[in-house]
Amino acid sequence: MKKKFLSVIGFAILCRFQVYAQISKDTANLPKPAYTSLYTPVGQDSTNYNPRALRIDEIDLVSSYYRQTGDHSAVMGGMPGPTGTQNVTDFSNGLNLNLVWLNQANNKNTLSLGLGYDHHSSASAAYVALNGGGKPGGTRIYPSLDWTVENAKTGGTFGIGAYYSGEYNYKSKGIDFHWSTKTNDKSGEFGVKLQGYFDQVTLIYPSEFIPAPAVSQPGTTTTITTASGVVETLSSGGQVISSTKNSLPTSPRTTLTAAFSYSQQINSRLQVMFLGDLVTQSGYLSLPFHRVYFNTGKDTIEKLPSSRFKLPVGVRLNYFLGDNIILRTYYRYYIDNWGTRSNTASIEIPYKVTPFFSISPFYRYYDQTAAKYYAPYEQHSPTDTYYTSNEEYAKFNAGFYGVGFRIAPPAGVFGWHNFHELEIRYGHYTQTTDLVSDVVSVSMGFK
Amino acid sequence: MKRMIKISACLLLIISATSCVHLKEYQKSRLNDSEMALTNRKVEKNELNFQSYREGASGANAGKTGGGCGCN
């Protein structure tokens, strides 16, 4: 009884101290209470708060390790066996920074800055040189920028983005405009994205197709021009007087995409999204280091048409089943004018062990018919107009399954308040072409 | 038969979409759950990348339609 009495007295004293967590500028000017208080006004911190100011909204880091095996590489024209190795390892890292501010009309502005860095080793790349002595790997860097404005009243958005990707044999520049609008009751949203990619393919040919060095001998010096663009001038004694390296020739490739989407909330547990893209590609759509072996035994370089039209349409349907199971489903049908038809269907079932921790097993099925320009190793005829033995264009089925984990506790991951989300995901992929791969990814979100 | 299934699935979805109910904000707690987002997960980014290079199909929100690498 005495303890309870003392507790009540102690609680009453604490209430009298009026320990405030926060105070605004206006209340700071109120007359001081006549009684003792632990509170000391700290006007500086609270008066500088500006909801319009630029602030970091989120930082995301995504890293992946990918490993692949196979033995029908496009570089060797689908040749089976060790020289057709498709072994690849790839280590990818991406950083995304979202900056947010409000403009005068209270519209939310988001500036997204992205930077990606991949390092890969590709066993087939070594066979660009027929003896397997070529460079077996490389790096890719891809920065991106996007600015989106969201209308505070309607919820509609408008934005523009820019993108670059660079590696030793391929450069790509991209730009996009995107726009979305919501229905009056805000249960549906229609979106459009117009994208253009303007790429340059470096013309690196298999070693047997590289022209022999051109040699000229005006006077006492000799000039050698190699296929890789090196020009050397030699003295009559064979010593190098000068050496210059010109860049390798490139060929353009352009991709234009109009992507449409419509999402709709059906009821308190179900929402759906319809998606459709119109894609047109033009330019150099082959890759210069992909071989094709004819049925005569002779080889040449892959040759594909200079235009392609693609039409993928898809639907996503997510359903909250019960209190802790979610069904995430996706289906896509794809058709193009190279003769490929494809179905993709996937299902993921996140199970919420707690409100902040979920386990998500998933399965993805994929099939496609062969493009009309594809034939396996040594099955093309020299009279064919177009030819490729790249198994990306073959008829095959593929399965991809695995599991993901997501942790997002309110106090932050591992108790670190800014570390708001952690996702880890593993997947195993098999194609009926004998290509097998594994990928493990980690995503970390900071606020 | 396959075509009939696809057409039926599309019709079902269209009917579902037209029979949707108006929801108040407090009724959207499940729809607003991060697992219910109608997008790919951030952690899937590199999976979609390799799938678009190993498969003939891409786009419709599962893998980008152009740009990127000259992978082999």
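Before the first example, one term: two strands pair if DSSP finds at least two bridges between them. Please also keep in mind that this is a predicted model.

Strand S17, residues 325-336 of chain A, pairs with strand S18, residues 341-348 of chain A, in the antiparallel sense, and eight bridges join them. One of the positions to look at is A:Ile335, which has A:Arg341 of S18(A) opposite. The two strands make a hairpin with four residues between them. In that turn, A:Gly339 has a positive phi of about 95°.

S18(A) also pairs with strand S20, residues 357-368 of chain A, again antiparallel, over seven bridges. There, A:Glu348 has A:Phe362 in S20(A) as its bridge partner.

Now to another set of strands in chain A. How many bridges join S5(A) and S6(A)? Strand S5, residues 157-167, and strand S6, residues 170-182, are antiparallel and share eleven bridges. A:Phe158 has its bridge partner in S6(A), namely A:Trp179.

S6(A) goes on to pair with strand S7, residues 188-202 of chain A, in the antiparallel sense over 13 bridges. Within that pairing, A:Ser172 is opposite A:Asp199 of S7(A). The hairpin of S6(A) and S7(A) has five residues between the strands, and A:Lys186 takes a positive phi near 60° there.

A:Asn131 is placed between strand S3 (108-122) and strand S4 (137-150) of chain A. Is A:Asn131 buried or exposed? It is exposed, because 8 other C-beta atoms lie within 10 Å. A:Ser207 is 76 residues apart from A:Asn131 along the chain, yet their C-alpha atoms are separated by 8.8 Å.

Last, the two chains together. In chain A, 76 residues are in contact with 38 residues of chain B. On the chain A side, those residues divide into 30 nonpolar, 33 polar and 13 charged.

How values were computed. Residues numbered from 1 in each chain as written. Chains lettered and ligands numbered in written order. Predicted model: local features only at pLDDT ≥ 70, side-chain atom pairs only at ≥ 80, totals over all residues. Contact = placed C-beta atoms within 7 Å. Nonpolar A, V, L, I, M, F, W, Y, C, P; charged D, E, K, R; others polar. Buried ≥ 20, exposed ≤ 12 C-beta atoms within 10 Å, placed from the backbone.
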